[in-house]
Amino acid sequence: MIKALRYFIEIIRGSFITGRHFASNFFFRCLKVLGIKTKRKGAETIQYPEQRKEIASRHRSLHRLMTRPDGKPRCVACMLCVTVCPSECIYVEAAEDPDPEIQKYPAKFIIDLSRCCFCGFCVEACPEDAIRMDTGNVELAEYSQDDMIYDLDKLIR
Amino acid sequence: MSPEFSEKTKKKIEEIVARYPQKEAAILPVLHITQQEFGSISAEEEKLVARILGIKPISVREIVTFYTMLSRESLGKYHIQVCSNLSCSLLGAGNFVDYLVEKLGIEPGETTPDKKFTLSTVECLGACERAPCMLINFNYYGEMDPKKVDEILDGLK
Amino acid sequence: MTETLYETLIIFIKIVCALVWLLACTLYLTWLERKESALIQDRVGANRASIFGIRIIGLFQPFADAIKMIFKEDFVPSFSRKFLHTMAPFISFFFVAITITAIPFGDTLRIGNRTIHLQILDFNVGLLFILAMLSLGIYGIIISGWASNNKYALIGGMRGAAQVISYEVALGLSLIGLIMVYPSLRLSSIVLYQGELLFGFLPKWGIFLQPLGFVVFLLAALAETKRAPFDLPEGESEIIGFFTEYSGLKWGLFMMVDFMEVIIVSTLLTTLFFGGWQVPWLASDGFHFPWGGELLLSHVVVVLLQVAAFNIKVFFFCWLQILIRWTYPRFRYDQLMDFGWKLLVPLSLVNIIGTGIIMTL
Amino acid sequence: MKEKVLTEHFGLENLYKIDVYKKQGGYQATEKALKKMKPEEILEEVKKANLRGRGGAGFPAGVKWSFVPDTDKPKYLCVNADEGEPGTFKDRYIMSHNPHMLLEGIIITSFCVGIHAAFIYIRGEYEAIALRLEQAISEAYENGFLGKNILESGFDLDIFVHRGAGAYICGEETALLESLEGKRGVPRLKPPFPASVGLWQCPTVINNVETISNISHIILNGAEWFVKQGLPKDGGTRIFGVSGMVKNPGIYELPLGTSLKDIIFKHAGGMKEGKKLKAVIPGGMSAPILTADEINIKMDFDSLVEANSMLGSAAIIVIDEKTSILDVLKVVTKFYSHESCGQCTPCRIGNSWINKIVKRIAEGKGKKEDIDSILRLASNIEGNTLCPLGDAAAMPILSITKKFRKELESHV
Amino acid sequence: MQEKANEMIKIFIDKEPVEAEQGTTVLKAAERAGIHIPHLCYHPAFPPEGSCRMCLVEIEGFPKLELACSTVVKDEMKISAKSERVVKARKAVLEFLLAEHPLDCPICDKAGDCKLQDYYDEYGLFESQFKEAKEKREKKLKIGKSLILDQERCVLCTRCVRFLKEVTTTQDLGVFHRGVHSSVNIYEGAAVENNYSGNLAEICPVGAITDEDFRFKTRSWFLKEGESICPLCSRGCNILIEYHPGFPRFEVPKRVYRIKARENPEVNDFWVCDRGRYGYSYLDEHRADKIIMNKIEGENVLTWENISEYLGEKIKRLSSAKKTSGIALILHTWLSNEELFLLHKIFKDDLKVEKIFFADLPQGEADGYLLTSETSPNRRGAQEIGFDIKPVDLDALASGTDFLLAFGPFLSGLFSPKDLKAALNTVKRKVLFSSYTHELNSLFDIVLPVALIAEKEGSLTNVEGKVQGFQPALEPPGESLPEWKVLSDLGKELGIDSKFYSELPSPEAILIEMGKKIPFFKKKND
């Protein structure tokens with residue numbers, strides 16, 4: 001019986017907690033709507049398209065392929081990214097570069113973004129620092145799945 | 001026009017080859033003779049030696065590139081080899097080489113344009129008691145100093 | 001003849017007003033729910049819907065929702081009973097909407113010599129009528145669950161039926177004490193009784209006379225609305241609910257029914273336990289404070305105050321229900337049944353007996 | 001007791017001519033050995049004499065000979081005259097001053113082991129000496145000490161001079177064999193040792209010039225006499241070659257066990273231009289360096305091993321105070337990097353690596369951790385190489401770096 | 001195969017007692033016991049070189065670390081292959097090797113198979129301390145028809161030099177210069193041009209010599225390997241077929257990427273010739289993957305389920321009419337022993353068919369080592385089974401043949417299309433078993449796609465009479481089935497000796513049965 005009573009008290013307390021949150025947030029939001037500036041904000045929400053949170057430096061966004069100073073891709077088509085990719089969304093085809101110091105370059109480099117899970121393993125695996133996920137571009141919506149297949153032209157930037 | 005040994009040398013080579021149970025073993029003496037006769041051991045000479053000894057030219061090339069005294073580039077009339085090893089450098093071989101470089105106007109490993117002198121710095125010549133020493137076409141000159149070298153080189157001209 | 005015509009016209013206007021009121025409340029209850037839950041969770045809540053770039057703290061959001069709901073594809077699964085599948089939400093909607101008939105929004109409004117009850121129909125068994133209609137609403141749920149021909153929907157429907165029927169008992173029993181106190185089933189009479197004073201100062205509201213009855217009624221009514229913590233028929237995380245196979249407007253109707261039930265429950269709570277449209281110490285000619293002061297007001301002001309009081313009370317209970325919904329986690333099914341049968345029903349019986357004893361004394 | 005054994009007559013003019021040599025009692029030992037002694041007796045005598053190899057490793061010559069198996073295959077003698085160790089020039093002296101002493105040694109050795117063909121592998125730079133040797137050989141042929149049926153003993157022997165072409169590694173016995181066979185002078189895997197599988201897969205004896213030159217003296221004067229000249233375990237005298245910053249650089253034939261201090265200050269006349277002694281390399285460049293405080297040491301195999309150095313080829317290089325130890329290290333590393341044959345990994349890459357580091361330090365781009373790197377790399381080379389060249393490189397580098405660490409650190 | 005095993009002695013490797021053959025080396029003994037001692041320059045085909053210094057081990061009683069590849073085991077020898085000292089030494093050697101190594105694993109085709117990489121994984125995993133400039137050398141030197149040399153990657157194990165000296169005796173490669181400048185190279189103007197050059201890329205423990213045929217095509221870790229036997233000549237070299245199982249979402253341009261030699265000291269040692277190595281396109285190109293019916297008889301659609309019924313019915317009709325002389329067979333010797341045996345049994349023993357011809361590729365040129373002039377893998381097997389190998393006689397074929405069963409695509413190479421067409425037109429019904437889509441196919445009523453040797457189970461008899469079994473290395477494409485399956489079904493269907501066929505569910509069982517019938521195959525079964 002006492003146990004049940006304790007439950008009951010806890011239940012009441014629960015609604016007081018949510019009630020308190022409601023009341024204080026309500027108060028500060030009202031002040032804000034009325035244009036009164038306060039130290040405390042009523043809520044933490046960031047107003048996304050207008051207001052953007054700064055992307056953390058380690059945040060993983062759309063991939064990009066790095067280039068050498070002369071504009072050739074830095075990628076040497078070692079296919080480690082292909083190997084490590086858990087969603088199997090990368091495809092690379094190598095070709096011979098006439099420069100014996102480079103030797104190998106990717107003739108095809110395709111990322112199927114509709115499959116990509118943005119785990120960043122490809123970046124970790126890359127021995128040449130040729131692929132990065134630091135474009136800050138996170139808004140990757142397309143009307144067609146085919147448009148989500150990114151090739152060399154789209155990835156080099 | 002592939003080079004050919006003189007009849008006299010041919011006889012000498014035959015005699016040398018006869019010393020060894022295998023023809024191949026005579027390669028060093030034969031190469032010494034070749035270098036003496038042609039001034040250097042270029043590809044043509046390598047093939048010649050290979051033919052005489054019944055081996056492949058590549059084996060000759062292996063030997064020629066291994067031993068420092070065998071040269072694939074033609075040397076000057078006088079090959080000045082200056083010891084740069086410990087005993088000699090203790091007694092000023094470094095300065096001595098600098099002096100020669102200045103005097104002949106060539107860096108070690110080069111030949112004067114008139115094909116007269118080739119300057120090399122070499123490892124120990126086995127004449128440490130007369131350091132700093134040098135070798136001009138297998139004649140030893142010890143306890144060198146600029147004055148002495150002037151005399152010697154002038155005597156050669 | 002003209003009298004009858006006028007009467008009919010007045011009733012028609014009353015129906016329209018009540019329905020508009022109910023639907024508007026429903027519409028804005030969705031907004032309230034979003035906003036309140038957001039504030040509880042330190043968020044801002046829906047605020048983006050705009051008309052010509054004007055977005056007043058998201059007040060246009062319900063319209064956006066409604067438009068979206070209307071234009072969404074109405075998908076009827078091929079394996080469902082199509083007729084019943086289509087009928088179910090309308091049944092639900094109808095039986096909830098009709099309960100508004102018996103709710104008194106205010107006392108009487110005098111226009112000229114005509115007296116208009118601010119109530120669509122002043123039943124003498126209004127309370128029974130409401131309970132009956134609320135119980136009938138369960139058909140919509142059962143039908144939707146069954147007609148969908150989907151296991152999850154069926155489970156949801158069955159759960160809903162079991163839950164509503166179980167709590168119906170406690171709901172009904174909890175009101176017996178009230179009926180004993182206010183010897184009428186006519187809601188307008190019940191409200192009028194609550195205008196009297198107890199000990200000379202305390203309004204004779206149901207909450208003061210029937211506190212236990214109020215608690216049982218509140219809990220049972222919450223369960224009737226099928227919202228958290230009694231949302232077992234829906235159970236988004238496990239079975240999705242009886243409306244699994246619904247989309248578009250029909251699904252929207254079920255959602256509306258949900259919110260309408262909240263409003264109906266609020267109006268009932270207001271009417272039965274919080275004096276309905278009564279404002280403490282406000283008589284038909286103005287305030288008569290127990291400590292002797294008087295403030296005389298014109299009739300129109302009094303009526304407006306009464307309607308406003310009713311609306312404020314309803315709004316408060318809506319707010320409270322939303323608060324509860326966003327505070328507590330869901331019951332386990334056995335706990336739900338235990339709670340209904342082993343706690344609420346006995347409590348309501350205790351309440352009847354207690355009330356009887358006190359009244360006899 | 002004679003002070004000098006090998007260099008006794010070096011002062012004589014034209015000693016390299018057989019007539020002069022014979023007048024000094026030359027070829028008596030050959031006659032004694034071939035006419036009066038059996039090969040086993042000679043072997044016994046050499047063993048008793050405790051003649052240890054003069055090339056550097058100090059392996060007893062008699063024992064080495066006894067390893068040669070008795071087979072039908074031809075046997076060969078290779079005289080190691082590839083005197084490449086920096087600081088060493090004793091063999092040059094012997095061969096240019098007294099070639100017949102060497103020839104005599106070869107004849108007796110070959111007779112003892114049953115060899116009919118001997119090669120003198122002489123370094124390429126010694127062309128003039130090679131000519132002198134060849135002249136001496138032809139004289140010996142003319143006098144019947146070489147060729148068929150020497151001195152009517154029924155013993156045949158031919159001696160050939162084989163010139164190398166500039167590779168320090170060919171002083172290593174198996175590399176010498178490879179070079180002699182006409183291949184790149186890269187060392188062979190041991191075992192099998194050359195004594196059983198050597199030149200053209202035949203049993204081969206390889207000895208240093210100085211070692212072989214001692215043979216005639218042992219035969220002539222007896223093993224007991226020879227042992228008396230040196231230490232009981234290490235018979236005979238040793239030719240010390242002194243070079244570097246001393247007043248009188250040159251060779252000094254002294255008994256084993258002479259103090260290093262005495263050699264430098266008494267025999268070689270002390271430091272040049274009165275400079276102060278800084279360090280001494282006691283046994284050719286491969287020997288670990290000794291600092292000025294450590295020179296009070298007996299010059300014999302065991303004493304030097306105790307002092308963590310080695311006698312090697314007994315070539316003493318004296319370094320004065322003015323010389324920067326970094327320069328010494330630079331020369332040492334450059335030498336080994338240049339002379340590594342490139343066959344096995346630690347030596348090929350390790351030496352070049354260390355050389356690159358030292359060069360960088362010399363250019364003033366050194367870092368503190370470079371000295372630790374040198375120590376680590378050198379100790380990684382040591383013991384992990386195919387032939388002793390790796391060790392020979394690592395030992396001086398390690399000792400110089402350890403003993404003069406402070407000075408090296410001042411350069412980084 | 002050594003007739004008498006050498007005496008076994010006991011040694012201890014890492015305190016574990018291990019049996020070792022007398023006179024073997026520590027490395028071989030360890031390998032036998034399943035302990036891998038790292039090595040680069042050592043290759044079982046050559047005497048130990050001892051230059052890489054990776055195989056150093058500690059042996060009790062020896063002051064220095066000894067080479068496992070050259071040290072001969074002695075009784076009770078106590079070896080530590082993993083002691084701290086050994087690991088330190090290996091690490092040191094590895095550090096040296098990697099110091100002058102370009103570390104371009106990402107572009108190196110050897111990555112994945114590379115020993116240096118493996119050993120770094122095992123012993124290294126250290127940060128590079130090498131801060132100096134690496135030696136610059138030739139990065140991309142074409143040294144043979146399909147070989148590319150990268151001198152910077154070379155660790156100078158000289159396996160290639162020794163291979164060319166000792167196996168091919170052509171000495172195309174040499175080590176030039178010395179010390180850190182040592183490098184492997186060809187003589188100018190010359191190239192590695194022998195029929196075994198491909199082996200160089202295989203024996204190179206690092207990526208110094210890579211194969212142009214495989215260059216940049218894929219990465220080795222994507223490949224799977226299957227064991228098979230090379231059918232391109234009658235040597236029967238043991239090979240590994242490396243194929244790409246495909247990516248789940250992207251198409252791969254090739255199936256088979258390379259052929260490697262599989263060690264078999266009795267046949268091909270460690271080698272395979274360039275013909276066998278690079279001639280793998282027959283596995284992928286123009287493959288037939290569907291049953292083709294050019295003349296549909298009746299409304300029957302033929303599938304593998306009813307094909308033997310169809311063939312059986314035709315043959316039965318002829319044989320019951322005593323007209324088996326109207327049956328003709330054209331065989332080839334790419335068929336396995338088992339298939340030839342079944343054919344012999346069905347057609348020669350049971351049906352007494354006379355017209356059996358063989359259509360094979362013409363003879364090629366032998367190279368005096370592995371490659372034989374015979375271009376079919378199993379001619380010897382056909383002879384041993386009892387076939388009289390007659391070449392195809394079109395006139396005989398054209399006269400009175402009602403039913404022709406032909407195998408293989410080789411027929412078209414032997415005759416002009418016109419003659420072939422004329423001859424085949426006289427034959428009433430003709431069925432072809434072929435693995436290829438070929439113009440020949442249009443001349444037959446039915447073409448049945450069949451598997452190649454790499455895709456089926458069976459055995460071959462090589463030119464020396466050695467019977468070698470093989471398992472499928474690849475999946476046959478499309479609907480293709482191995483011939484033995486069709487033939488044993490057909491045998492069952494004919495009903496002459498159906499019990500015999502029903503007891504032969506696999507080529508293995510057929511081979512055992514063959515051993516009972518033909519003494520030649522008996523001893524091979526053991």
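First, the conventions. This is a predicted model, in which local features need pLDDT of at least 70 and side-chain atom pairs count only at pLDDT 80 or more, while totals for chains, interfaces and linings use all residues. Residues are numbered from 1 along each chain as its sequence is written, chains are lettered from A and ligands numbered from 1 in the order in which they are written, and side-chain values use heavy atoms, with hydrogens and water left out.

Chain B, then. Its secondary structure comes to seven helices and four strands. Helices here are DSSP runs of H or I with at least four residues, strands are runs of E with at least two, and both are numbered from the N terminus. In sequence order the pattern is α-α-α-α-β-α-α-β-β-β-α. The C-alpha trace of chain B spans about 50 × 30 × 25 Å along its principal axes. Chain B has 157 residues, and 56% of them count as buried. Buried means under 20% relative accessible area, exposed means over 50%, and partly exposed is in between, with a 1.4 Å probe and protein chains only.

Chain B is divided into domain 1, residues 7-66, and domain 2, residues 78-154. Those bounds come from an automatic or database domain assignment. Taken over C-alpha atoms, the centres of the two domains of chain B are separated by 29 Å. A contact means heavy atoms within 4.5 Å. Among the contacts in chain B with a separation of 6 or more, 59% are between residues 24 or more positions apart.

One residue of chain B to look at is Tyr140(B), in strand β4 (residues 139-141) of that chain. What does Tyr140(B) contact, leaving aside its neighbours within four places in sequence? In chain B the list is Leu125(B), Ala127(B), Arg130(B), Met134(B) and Leu135(B), and from chain D there are Glu125(D) and Tyr126(D). Of these, Ala127(B) is 13 residues from Tyr140(B) in sequence and 8.2 Å from it in space, C-alpha to C-alpha.

Next, chain B against chain E. The contact involves 14 residues of chain B and 13 residues of chain E. About 1200 Å² is buried between these chains, and carbon and sulfur atoms give 51% of that. On the chain B side, Ile58(B), Arg61(B) and Glu62(B) lose the most area to chain E, together 46% of what that side buries. Buried area is the accessible area, with a 1.4 Å probe, that two parts lose on being put together, summed over both. How many salt bridges does the rule find across the interface of chain B and chain E? It finds one. The pair is Arg61(B) and Glu188(E), with the closest N and O atoms 2.9 Å apart. The rule asks for a side-chain nitrogen of Lys or Arg within 4 Å of a carboxyl oxygen of Asp or Glu.

Staying with chain E, strand β20 (residues 458-461) has Gly458(E) and Leu460(E) pointing one way and Ser459(E) and Thr461(E) the other way, all of them buried. In a regular strand the side chains alternate between the two faces of the sheet. β20(E) runs antiparallel to strand β21 (residues 467-470) of chain E, and four bridges join them. Two strands pair if DSSP finds at least two bridges between them. Ser459(E) has Gly469(E) in β21(E) as its bridge partner. The two strands form a hairpin with five residues between them, and Gly465(E) in the turn has a positive phi of about 85 degrees.

Last, chain D. Strand β4 (residues 155-163) of chain D is largely enclosed by the rest of the structure, because seven of its nine residues are buried. β4(D) pairs with strand β2 (residues 117-122) of chain D in the parallel sense over six bridges, and Ala118(D) has Ile159(D) as its partner. β3(D) and β4(D) form a hairpin with four residues between them, and Leu151(D) in its turn has a positive phi of about 50 degrees.
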